[in-house]
Structures are given as structure tokens and as C-alpha cells.
Amino acid sequence: MSVSQIEPVSRLAVPKTAGLHVRLGTGTPLRLDCGVDLADFPMAYQTYGTLNAERSNAILICHALSGDQFVADPHPLTGRPGWWHLAVGPGKVIDTDRYFVICSNVLGGCMGTAGPKEINPETGEPWGLTFPVITIADMVRAQAMLLDYLGITQLFSVIGGSMGGMQVLQWASTYPDRVLTAVPIATAAHHSAQNIAFHEVGRQSIMADPEWRGGDYLKYGANPNRGLAIARMVAHITYLSEPALHRKFGRRLQDRAQITFGFDADFQVESYLRHQGSTFVDRFDANSYLYITRAMDYFDLAEQYGGLLADAFDRIATRFCVISFTSDWLYTTAASRDIVHALNAVAANVSFAEIISDNGHDSFLLEELEFWKVLGGFLEGAAEHFGIRGSNETDEDA
Amino acid sequence: MPETNSNGRANAGRKRELRVDLQRIADMVDPKCRLLDIGCGDGALLDYLVHEKGVDGRGIEISTAGVNACVTHGLSVIQGDADTDLEHYPDAAFDFVVLSQTIQATRNPRQVLEDMLRIGRKAIVSFPNFGYWRVRLGLLFFGHMPITKALPYDWYDTPNIHQCTIKDFMRLCDRLGITIERSIALNHLGHVRRIQSSDFLANLVGEQGVFLLSKQGK
């Protein structure tokens, strides 16, 4: 079979029936930070709940590196529950009976929004590495275009953890008038050398896989599964903590009574990481992984404002709730505290809670009751302050 | 911590009654002002000021449990420390900065006081008076570090590392060029006595002192 006979479409193609889709930039294109104009590009998103009559109860959730728009319903490729189904849904912390929740697949992603796996309309082939390098600010500008399309001028809240938290910070500084409250969780205002270093290991592992084929694997019907799986294994370690790993696995052996004097997955932790790697490749595109990690590495909010983070929030009226976790060594409490100090320096309205947990960076995705109480209380207090009526509240309730 | 439901709300419909010393502080605060409460604990004073006096209130609290309780109740509170976090605030960011029952636990009370009057137009400080007669008697007659209702700790586990008397505090204010606009002493029943200058009796019968402060030229 010659190369040209192979359908140049990723095997990760998301069923067109899954979620919502729109084409943005059909009038004015999206000007990217790298200077390229992105016109007429697809954006995939998902919504939950109902927009109230005042259009004031919208919450934008920003997903993390390996997340997607399927926050609270089953993933169309894996069938697994949405990545934040514990926190988002009817009667949950982010209550879809009250709020209209929106989540879009980020620019550069692989679940339907423009990214390296999508077809470049000019060539009819997947973008691959010809897709422009995007930034966190580009992701946020694309989300703002989606909100324009949905007719939402102001968000009650923008919430996100990890890379989602970077988008939250970018949202508040780029569009302060469109954001009443902002909740950056387990995040940082810039990527540290250590953060960049881990990402570089992941990218190198993808690019070292011969199946990556210089980024053109889709054209050849190939897939750098080994490289992407190793990238995921490395990253996954950074999402956990030493105590969490010890509690889950210790030095326990995998389905065997003793070590085998070989290189099989003798230890449970090895087997677990291999599983994390091998399932990830079923739902994620390797080039997307390169682009999105790059966007995170390039993120430095202070640098956008001449080096002083406080200037990113000058005269901001947005209410912030910054949340960190004690055992998160990827985006530490110190990094969150830097954000808080910058907000203090402009006397912004900010709450900051550090949640005691040994679940590491992934804490924000897990059942952390204290975290939910803080987040829920913050949203409730802000909704009361700003007079936000839930979609399920009548005039008499309000 | 108060009982909360799954959404973290506890204070809906709660009647807000303040401890007597906190009520005296609340009485000194102008309605609808911008206020920072340093060492806000579980947020009782802040909650009262926000909901009963329409104050734009913020808090700093050192304990995780206190912070989480505050944020859970919708108050804007950060986890932080009077000794290290005040320097980040800009000048004149607040109308009032409150430090209740905390100054004696700071590492550098003088710096804290100066920072308070830098970032706020006015400062309100309350503290347990080490000149209170029961404290003096404890030391004089029993020969050990005094333990009272306001100072309930043994010497080896007290967070109160910078104890002072009402007289000491007034002397520091004088030295720092701070104007004492109002000052009251509360006895153990919560009765109020206005403190006169060089008030021997207030320093003796006052279990706590509450001071409203400002600085010249501000």
C-alpha cells in the first residue's frame, strides 16, 4: 500500500456526534502570539446546565494538559467518566443545576479543536508540525471567541487546575471585565525550570520514537505510541507524591511471589505506569502533546507585563480564590503564594487556601472534601455578593 | 469548625453575635469601609463586618483550619502571616487594618504596627494587658508565669512571645509617632473604661486594651 492511499486521518477521530462543535474566526481570524492568523478553525466544546435569563450564571472550566471538554460525561473514546465528574454535576460542588458550565477543548488539542491532528484546510492534510506554535494566551483568546459566539459577555467564574489554572490567570489579566471570579487551582504564574525539564523529557521521548516520522506519522498511518506512553509515564510520576506512591504500591510485586531477575514489570508501580502509558495513547495525539507542553513552558504571565506579576492584575475587580495542595511538588504552594502576593500588591480581592492532602498534584481531580468545601463556599459567597441567580432559582428564591 | 453542608455553607440565617472585645472593635469601624483583618481566626469579626456593616473585608490567618473555615463561609481570606505578608500590600490600600489579640504573638510587633499604618488609614489593635492586676498578682504572690482567661497558656507552649502592658503599648505608639484616637480597657466582665493618658487604673483593671490608631499626615 502506498502512502497516498492511506486516509490521512488520526485513528483518534472523535465521533462527530460527541459534544458540540463550532467554526470560529470565519470573519476576523484569531491572531496568534507567534504572528500567524488562524482563520475558520474548529472548536469543540461541551456545556452542562442552563444559562439563566440574565446570562450571568456561566462558569468556564479550563482543562489541563491531558484533559478535554468532556468534564462530566463519559469520554467518547474510552467510555470512562468525565475527568472532573466528581466535582461537576447536578448538586455537586460546581452545581450544574445552578450554573451553566462550559468547557472547550484547548487550541492545539486533539479532541476536535484546531490542533496538529486536524486537517489544514489549505492542504487537505493533517497539520502536523506545520500547525503554528500556540500559547496559553492563544487558548484563552480562542475561548473568548467561543463565548462571543455563545452570547456570554461576562463569566460568573473561570475555574481550572494545573494548565487550566494558567488559563484562569490569563483570562483574569486579559479580560478582567469578563470575569467576576477566578479560581486558579494547583497552578503557577510561570513554568519553572523543573517544569520545563520534565516536559522536555516527554517531548524528546516522543520525537525519539521512529514512528513519529518527523511529526508526519498521520500521513504514514503510523503512531509514536511508545514515545507518547513514556512521556505520559514520566509526567504521571510528577502528578503524584512520594507518600501517595508508597501508599498505593510500596515495593509490592505484581502478580508474582518474588522478583524474576528480569525486566518485566516485577513491581506494581511499574505495571501501573505501563498501564497509564498504554491507555493514554488510545486517547491522545503525540503532536498535540508537543504543542500543549510547549504552550505551558512558554507561559510566564509576569513577562507579558514587563516582569512584574502584580501589573498583570492592575486595578482588577475580579474576586480570586487561589488553592494549592500541600503535597503538590509540581505546582507548589510557594508558586500559588507568589500569585497571592501579586494580587495583594494591587489590593485585589483574594482568598487563598492550602489544602492538606498527600495526593500530590492530582489532588484537584480527586475526592478531596476540604477542597470542595472551600471551592463551594467561595462560589456560594461570590454568587450571593454578585447576586447571581441560579438557573433553577425563581424570582421568589432570589 | 462550624458544621457545614456539602456546599460548605454554615452561616445562612445565622445570628451574628460577637465576643465582647470584637464588638468593641466592630463599633470603631466605619460602615462600608475597606478593611483588612490580620489574624482573623475563624472569621467571626470579618463575617459580622461584611454582613452587618457592609464592609469590603479581607482577612489574613495563619492556621489552615481557620482559613478554610473563612473561605468556606464566603469570606476573602488568605493563608498568611502578619510578620511576612504585610509587606506585599501597597500603601493606603485599606481604610482600617485590624489586629485583634495577635500583636503579642508576632515576631516583630513594631514592624507589624508600622506596616498596619502604612497599608491602612487607621489601625485597630487589641491585646491582653500584661499589667492586669490578676497577672501582676500571679507573679507577685505565686511566683509563676500568670495564667488567666485572656492568657491561658503555660510559659512553655504559649504563642504569646511579645507580652506588653497597656502602658508599654502606649509608649511604643508615642515612640513611633502614632496618634491614639480612641483607647479603651475592658475588664474581665467586658465593662469598658476609657483610657486617659498615664492611666494607672486602666492598666491595672483592664484585662484587655483596644486602641484606634492613626498616623500624622495620613
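Before I go on, the source. This is a predicted model, in which local features need pLDDT of at least 70 and side-chain atom pairs count only at pLDDT 80 or more, while totals for chains, interfaces and linings use all residues. Residues are numbered from 1 along each chain as its sequence is written, and chains are lettered from A and ligands numbered from 1 in the order in which they are written.

Back to α3(B). Seven of its nine residues are buried, where buried means that 20 or more other C-beta atoms, placed from the backbone, lie within 10 Å of the residue's own. The buried ones are Gly66(B), Val67(B), Asn68(B), Ala69(B), Cys70(B), Val71(B) and Thr72(B). Their cover comes from both chains: it includes β13 (319–325), β14 (349–355) and α10 (369–386) of chain A, and α2 (44–52), β2 (56–61) and β3 of chain B.

Now the interface. Contact means C-beta atoms, placed from the backbone, within 7 Å. Chain B contributes 21 residues and chain A 23. On the chain B side, α3 (64–72) and β3 (76–79) are the elements giving two or more residues, and α3(B) gives the most, with five. That side has eight nonpolar, eleven polar and two charged residues. Nonpolar covers Ala, Val, Leu, Ile, Met, Phe, Trp, Tyr, Cys and Pro; charged covers Asp, Glu, Lys and Arg; the others, Gly among them, are polar.

Next, a helix pair within chain A. Helix α3 (193–208) and helix α7 (286–298) of chain A pack at about 160 degrees, with their axes 10 Å apart. That makes α3(A) roughly antiparallel to α7(A), the term for angles over 145 degrees. Axes are lines fitted to C-alpha atoms over the stretch in contact, and angles run from 0 to 180 degrees between N-to-C directions. From α3(A), Ile196(A), His199(A), Gly202(A), Arg203(A) and Ile206(A) take part; among their partners in α7(A) are Tyr289(A), Leu290(A) and Met296(A). The residues of this contact divide into six nonpolar, three polar and two charged.

Last, strand β11 (155–161) of chain A. Seven of its seven residues are buried. β11(A) pairs in the parallel sense with β5 (58–62) of chain A over four bridges, pairing being at least two DSSP bridges. Ile61(A) is opposite Ile159(A) there. β11(A) also pairs in the parallel sense with β12 (179–185) of chain A, over six bridges, and Ser157(A) has Thr181(A) as its bridge partner.

Technical notes: Parallel < 35°, antiparallel > 145°, perpendicular 65-115°, else oblique. Contact = placed C-beta atoms within 7 Å. Buried ≥ 20, exposed ≤ 12 C-beta atoms within 10 Å, placed from the backbone.
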